[in-house]
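Here is a short report on a protein model.

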Amino acid sequence: MIDPAQAGLRESATFDRATIAAIQRAAETGVYDIRGWGAKRAVPHFDDLLLLGASMSRYPLEGYRERCDTDVVLGDRHAGNPLHLDIPITIAGMSFGALSAQAKEALGRGATEVGTSTTTGDGGMTPEERGQSKHLVYQYLPSRYGMNPDDLRAADAIEVVLGQGAKPGGGGMLLGQKISERVAGMRTLPAGIDQRSACRHPDWTGPDDLTIKILELREITDWQKPIYVKVGATRTYYDVKLAVAAGADVVVVDGMQGGTAATQEVFIEHVGIPTLAAIPQAVQALDELGLHRKVQLIVSGGIRTGADVAKAMALGADAVAIGTAALIALGDNHPRYADEYAAIGSAPGFYDDFQDGRDPAGITTQDPELAARLDPVEGGRRVANYLRVLTLEAQTLARACGKAHLRNLEPEDLVALTIEAAAMARVPLAGTSWIPGQGF
Amino acid sequence: MVALNGSSVQELMKVDLASTSVRELNAELHAPTARRYEVHNPRGAEAIAVGLRHAIEVEIHGPAGYYCAGMNMLADVVVHGSVGTGVAENMMSGSVRVRGDASQSAGATGHGGLLVVEGSASMRCGISMKGIDIVVGGDVGPMSAFMAQAGRLVVCGDAGDGLGDSIYEARLYVRGRVGSPGADCVEKEMRDEHVAELGQLLADAGLPHDPGEFRRFGSARRLYHFAAHNSAAY
Amino acid sequence: MCGIVGLHLKNPALEPELGRLFVPMLEAMTSRGPDSAGLATYDAEGMHVIKDVGLPRDICAAHDIAARSGHQAVGHTRMATESAVTSDHAHPFTPLADLALVHNGSFSNHASIRRTLARQGIACTTDNDSEVAARFIARELTEGADLEDAMRSVLKEFDGFFTLLVTSGTQFAVLRDSFACKPAVIAETADYVAMASEYHALAELPGIGDARIVEPEPERVYAWSR
């Protein structure tokens with residue numbers, strides 16, 4: 001086989017090899033490509049922002065010795081029992097079904113160890129997860145799979161899901177390979193079928209009806225539980241205003257880099273806006289309502305490092321949520337599975353076939369043998385370690401900016417490296433006072 | 001709220017929503033001090049008697065709004081009037097009886113228990129039902145039993161278009177006309193066990209019809225797997 | 001995203017009571033639309049429109065709506081979706097001297113129809129999606145269609161979710177899209193036809209207990225004339 005570069009062959013930028021493979025796959029199967037992970041295309045992101053550390057005009061805090069607090073209260077607008085988290089980094093909703101029971105338990109263990117919350121998903125609450133999670137957010141989804149009022153009352157908060165960043169406007173999918181007897185039982189479905197779940201809730205549409213739905217949820221839980229509303233980032237400015245109007249205590253905004261266990265490739269890559277573009281829209285909406293920091297904003301979609309945490313918070317988030325990164329902490333895409341990834345046509349760093357149920361790391365699977373590879377205790381330790389590192393990194397940056405609390409980071413602590421990021425994040429291009437595109 | 005006798009657990013409590021808030025009513029029903037409740041002047045209010053989890057009886061005298069008896073467990077709720085969207089949504093157990101008509105999404109996503117609508121139910125009755133039994137004395141509107149997963153829906157009148165679209169394993173019994181069955185919903189044979197279960201459901205609902213007058217609909221199970229030849233149905 | 005109400009009196013004896021009957025209907029829809037409200041009443045002199053920012057109760061009081069007489073009223077409480085909270089953005093939209101439209105839902109192709117209308121010299125004055133539907137219906141009426149036909153044209157041209165209530169000097173018409181997710185209930189007695197997003201807006205009307213109550217079916221125009 002010749003080396004195309006050596007031979008001077010030219011690849012089309014429009015019809016590159018991935019595009020050619022996609023067309024040929026479509027012609028072969030007649031069905032669109034479904035995969036996991038989130039958007040893989042390059043979009044402006046937190047890497048395009050930098051923090052302005054203190055020097056003469058501002059005073060830094062001493063690393064390790066001088067306090068930089070990290071706690072956050074979520075949901076104190078209307079709820080009798082708001083969540084008090086030790087760190088502002090939470091685990092996003094991922095279903096039992098998409099993930100193994102062991103993986104769900106590990107996420108709960110890890111979150112609990114560092115005093116933060118984890119979240120159920122489109123498939124109900126497992127006893128393992130409830131048992132190991134000090135703070136558990138219960139998702140309320142269009143499918144209502146496994147929806148049980150006792151679980152609602154056992155939860156620490158309720159997240160009404162309108163959409164997610166990987167597929168705003170889309171419903172759920174779980175392919176037959178992952179509908180084990182237990183998953184099927186929890187969802188009241190026949191085992192082994194390709195499950196499709198609805199994109200709209202079955203008993204309300206729009207913010208006017210959501211207002212009544214939130215009232216019902218509050219009545220059922222006697223006004224004790226914080227109620228979140230989660231949206232995929234698209235028309236974020238309007239959506240946040242409407243979520244607040246409908247009565248949300250917390251708004252969760254998931255950017256297009258947010259992950260999924262199974263969604264059409266075309267949906268993942270072509271719908272939604274980057275996390276970086278969504279945050280300023282959300283903050284503007286809350287600011288205009290006089291409710292920034294009163295209705296809390298949780299941001300997700302591509303959070304990987306403490307720098308991402310610090311930058312998201314500087315842009316105005318009260319907390320962030322991680323999904324894909326938490327799976328990676330558990331062992332997803334680890335090089336030690338290189339041979340097994342190769343056997344299913346993938347490689348470490350590329351594996352995204354979460355829909356397929358053959359995950360060598362035992363995370364996105366319902367195969368008992370694969371799932372048994374993940375020890376929930378060890379997995380929990382890894383997740384806790386990772387969350388600690390994110391927190392320490394964010395504190396390091398916040399101290400450098402002179403902040404005794406992460407929440408005191410602000411947009412003025414940021415500059416942008418590119419014009420695109422400056423316009424989206426609404427912070428000046430580094431070294432200038434220019435914020436392109438001002439005037440929403 | 002007026003208790004009608006003096007013992008610690010009363011037999012009957014009357015609640016007038018003209019002078020008591022829905023919040024006060026629901027708080028009482030969540031920690032009941034009586035076995036039976038009469039609710040007056042509901043005037044279409046939303047979220048009446050939601051989240052019940054005790055074996056109590058609640059009678060609502062007049063029309064109720066959205067999500068009446070939502071997520072009911074164990075309780076028996078009767079509405080002497082019409083109900084708004086999502087009556088008995090996600091019911092787990094117990095029973096809800098509506099003497100009048102029900103609006104959209106009656107019994108949506110219900111996991112168990114019995115919902116009886118003596119009048120008619122409008123669109124999306126039994127959407128995503130997961131084990132609930134629903135008996136409707138009159139008609140049901142379009143897109144009823146959409147994505148119905150489990151349980152039984154009995155329609156003594158007519159069913160609107162798109163009945164049982166994308167249905168899973170729920171069983172549907174219709175006495176009158178069916179506008180059109182939805183994708184993957186087909187008429188099926190009424191075997192003895194179906195006549196028997198339908199007869200029981202009609203008896204439970206207190207309706208006099210002969211099970212022999214009904215037709216059964218269910219899933220053809222052709223959409224259970226994503227496949228190219230189904231693309232027109234998606 | 002909103003609450004809508006309408007009252008079409010058949011019995012002339014009730015006409016002095018129009019405002020008194022109508023105000024509780026509008027106020028009942030406050031939680032569906034707390035931003036702003038608007039209404040139109042019809043009497044022998046024609047259509048009278050009030051739109052304002054704030055709570056329905058305050059708006060009705062400020063304009064003494066309860067004292068109004070007439071044969072028909074239509075009202076709207078607004079929870080703004082994608083356009084501003086101003087009295088101009090409030091419903092009803094009234095592109096003709098006697099035509100009023102109120103809408104609950106969200107159109108998904110109104111920008112294209114807005115451009116088509118603009119090319120024909122029909123300009124919208126707000127960025128509200130509902131105004132586009134009002135001006136579209138007005139165009140159809142101006143070109144000779146009757147109200148029912150004009151509403152059926154809405155079904156052909158507009159995509160998205162809607163419950164519409166449209167009134168003219170003589171007609172009262174309701175239409176829902178094919179999904180019919182946005183709520184609507186119609187009550188009819190010998191004395192009146194009343195329509196609302198939710199039943200509790202109708203709960204105070206006289207004789208409501210014996211009214212014929214229907215939920216409009218998808219894609220069917222329900223119309224009454226006097």
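Across all chains, the structure holds 61 salt bridges. The model is predicted.

| Pair | Distance (N to O) |
|---|---|
| Asp150(A) and Arg153(A) | 3.0 Å |
| Arg152(C) and Asp149(C) | 3.3 Å |
| Glu15(C) and Arg226(C) | 3.7 Å |

**Pairs within a helix**

Asp150(A) and Arg153(A) share helix α4 of chain A, which spans residues 149–154. They are three residues apart, about one turn of the helix. Asp150(A) is partly exposed, with a relative accessible area of 38%. Arg153(A) is buried, at 16%, because the cut-off for buried is under 20%.

Arg152(C) and Asp149(C) sit in helix α5 (residues 147–157), three residues apart, so about one helical turn separates them. Arg152(C) is partly exposed at 37% relative accessibility. Asp149(C) is also partly exposed, at 38%.

**A pair across the sequence**

The side chains of Glu15(C) and Arg226(C) meet in a salt bridge. Glu15(C) is in the loop between β1 (2–9) and α1 (18–28), while Arg226(C) is in the segment after β12 (222–225), so the bridge ties together parts of chain C that are 211 residues apart in sequence. Glu15(C) counts as partly exposed, with 22% relative accessibility.

**A network in chain A**

Salt bridges also link six side chains into a network. The members are Arg35(A), Lys40(A), Arg41(A), Glu265(A), Glu269(A) and Asp352(A).

**Chain B as a whole**

Chain B has two helices and 14 strands. Its radius of gyration is 18 Å, close to the 17 Å that the globule rule gives for 234 residues, so chain B is as compact as a globular protein of that length. Along the principal axes, its C-alpha atoms fill a box of roughly 65 × 35 × 25 Å.

Of the 234 residues, 62% are buried. The accessible surface comes to about 7,900 Å², and carbon and sulfur atoms hold 49% of that. Among contacts in chain B with a separation of 6 or more, 22% join residues 24 or more positions apart. The chain carries 20 positive and 27 negative side chains. The centres of these two sets lie 3 Å apart.

Leu12(B) belongs to strand β2 (residues 10–16). Leu12(B) is buried, at 11% relative accessibility. Its C-alpha atom is separated by 32 Å from that of Cys125(B), which is 113 residues away along the chain.

**Backbone geometry**

Most residues other than glycine have a negative phi, and most peptide bonds are trans. Which residues depart from this? Asn90(B) has a positive phi of about 55° although it is not a glycine. Arg221(B) has one as well, at about 60°.

Asn90(B) lies in the loop between β5 (76–80) and β6 (95–98) of chain B. Asn90(B) is buried, with a relative accessible area of 0%. Arg221(B) is found in the segment after β14 (215–219). Arg221(B) is partly exposed, with a relative accessible area of 44%.

Chain C supplies a cis peptide bond. It runs from His91(C) to Pro92(C), with omega near -5°. Pro92(C) is placed in the loop between β4 (72–78) and β5 (93–96) of chain C.

Methods:
Residues numbered from 1 in each chain as written. Chains lettered and ligands numbered in written order. Predicted model: local features only at pLDDT ≥ 70, side-chain atom pairs only at ≥ 80, totals over all residues. Heavy atoms only, no water. Helix = DSSP H or I, 4+ residues; strand = E, 2+ residues; numbered from the N terminus. Rg over C-alpha atoms; globule rule 2.2 N^0.38 Å. Buried < 20%, exposed > 50% of the residue type's maximum accessible area, 1.4 Å probe, protein only. Contact = heavy atoms within 4.5 Å. Areas by Shrake-Rupley, 256 points an atom, 1.4 Å probe, with all protein chains shown as cover. Lys, Arg positive; Asp, Glu negative; His and termini not counted. Charge placed at Lys NZ, Arg CZ, Asp CG, Glu CD. Salt bridge = Lys/Arg side-chain N within 4 Å of Asp/Glu carboxyl O.
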